[in-house]
Amino acid sequence: MEHLSISRQSEYFTTKELQLMTGRPQDQFADVIVKELLDNAIDAAETKGVKPVAALEINESDGRMQIIVADNGKGMPSELIRKITDFNTRTSDKVARRLPSRGAQGNALKTILGIPTALGGGTVSIEANHIKHVIQPKTLPGGVVEIEHDELSSDWNIGTRITVDMPSLELNKDWQQAFEVFNPHLSFVKNEDF
């Protein structure tokens, strides 16, 4: 009998597996993205040693949505962003440390890269340190994942700004208020105020 092996990379790009990883049903994937990106924004500022400032912007048009979260941390290095697009490894600074309400997933950015693909297609853009990384994963037959990753010039040089473009889903509109209640040291501003 011949044994076949298939790549486990595709687990990040199917709704069934993403539901298992995030603990949320598909119709709550937009909420997962907002929560995880805001958690990461707070962590980035705290790691830098500054009071967290974040921007949250939601745009919807023609059946698509954009979720944009920006922070005042150090800015994700390009090397880290490249590691996150390697779905054969787990890349996280929270593997050994978790806070009660943050860091429980430990691979949030990988799931965020996978959600738009699982929902029918989209891109994730990560801007930091004057570089814009435009990432568009695709799953091929046999579970093989192909990542289109373009690096472009950007004016963004304050922390990190992440934009997730994907098919529209319902979204809890109270995220900003909830984060302010549980993180009183966090301030929200508009994207253009960074």
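Colleague: Which residues of helix α4 are called buried?

Modeller: In this predicted model, the buried residues of α4 are Ala-108, Leu-109, Lys-110, Thr-111, Ile-112, Leu-113, Gly-114, Ile-115, Pro-116 and Thr-117.

Colleague: What do the buried residues of α4 pack against?

Modeller: They pack against the helices α1 (15-22), α2 (29-48) and α3 (78-84), and against the strands β3, β4 and β6. After α4 comes Gly-120, with a positive phi near 125 degrees.

Colleague: Why is Leu-169 called buried?

Modeller: The limit for a buried residue is under 20% relative accessible area. Leu-169 has 17% relative accessibility and therefore counts as buried. The residue is found in the loop between β6 (160-167) and α5 (175-182).

Colleague: Which residues is Leu-169 in contact with, leaving aside its neighbours within four places in sequence?

Modeller: Contact requires heavy atoms within 4.5 Å. On that basis Leu-169 is in contact with Gln-26, Asp-27, Phe-29, Ala-30, Glu-60, Met-65 and Leu-119.

Colleague: How many bridges join β4 to β5?

Modeller: Nine bridges join β4 to β5 (residues 145-153), again with an antiparallel course. Ile-131 stands opposite Ser-153 in β5.

Colleague: What makes β5 and β7 the edge strands?

Modeller: The open sheet has seven strands in the order β5-β4-β3-β6-β2-β1-β7, with mixed pairing. Both β5 and β7 (187-188) pair on one side only, and this makes them the edge strands.

Colleague: How many bridges join β1 to β2, and which helices pack on the sheet?

Modeller: Eight bridges join β1 (residues 53-61) to β2 (residues 64-71), which run antiparallel, and Asn-59 stands opposite Gln-66 in β2. Helix α2 packs on the sheet by touching β1, β2, β6 and β7, and its direction makes about 15 degrees with that of β2. Helix α4 also packs on the sheet, touching β3, β4 and β6, with its direction at about 30 degrees to that of β6.

Methods:
Residues numbered from 1 in each chain as written. Predicted model: local features only at pLDDT ≥ 70, side-chain atom pairs only at ≥ 80, totals over all residues. Heavy atoms only, no water. Pairing = 2+ DSSP bridges. Helix = DSSP H or I, 4+ residues; strand = E, 2+ residues; numbered from the N terminus. Buried < 20%, exposed > 50% of the residue type's maximum accessible area, 1.4 Å probe, protein only. Axes fitted to C-alpha atoms, helices over the stretch in contact; angles between N-to-C directions.
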